[in-house]
Amino acid sequence: MPALSVLLQPERVIEVDGTDREQVLRALAEAVDDPGCEVEALVTALRDREALSSTGFGSGVAMPHARLATTRKFHVVLARAHQGVAFDAIDGEPVRLFMLVVGPEQERDAYAKLMGRAA
């Protein structure tokens, strides 16, 4: 598994104009450049994960994440939303900073390590 600093390339640092969770998840998914991460499948996986519990940590930060059977690589996208987005964060505050983590389904241990480093 590549280091977080290798995965987070300048082209994967984006601004999002979305005003709701769905728009932000879509913008994050669209920033992943991998044929194995089809946008609709990734948005669905992220939406399903958020349905379990919000990935909003609090203090304006959220870390949406998903594992996909169709990708062979890890992906990280960092996004900033100037207006803040209602994301059901633990503290109820709007989220302004998002870090998307996507990994291969079969790489569970490496995925857990990357999630820990990102958090």
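Q: Which residue's backbone oxygen lies 2.8 Å from a polar atom of the His65 side chain?
A: This is a predicted model, where local features need pLDDT of at least 70, side-chain atom pairs count only at pLDDT 80 or more, and totals for chains, interfaces and linings use all residues. Residues are numbered from 1 along each chain as its sequence is written, and side-chain values use heavy atoms, with hydrogens and water left out. The backbone oxygen at 2.8 Å from that polar side-chain atom belongs to Met63.

Q: With which side chain does the His65 side chain make a polar contact?
A: A polar contact here is a pair of N or O atoms within 3.5 Å; within protein, one must be able to donate a hydrogen and the other to accept it, and residues adjacent in sequence count only if both atoms are side-chain atoms. For the His65 side chain, the contact is at 3.2 Å, and the partner is the side chain of Arg49.

Q: Is His65 buried or exposed?
A: Buried means under 20% relative accessible area and exposed over 50%, with partly exposed in between (1.4 Å probe, protein chains only). His65 has 14% relative accessibility, so it counts as buried.

Q: Which strand holds His65?
A: Strands are DSSP runs of E, at least two residues, numbered from the N terminus. The run covering residues 65–68 includes His65, and that's β4.

Q: How many bridges join β4 to β6?
A: Two strands pair if DSSP finds at least two bridges between them. One spot to look at is Leu68, opposite Pro104 in β6. β4 and β6 run parallel, and the bridges joining them number four.
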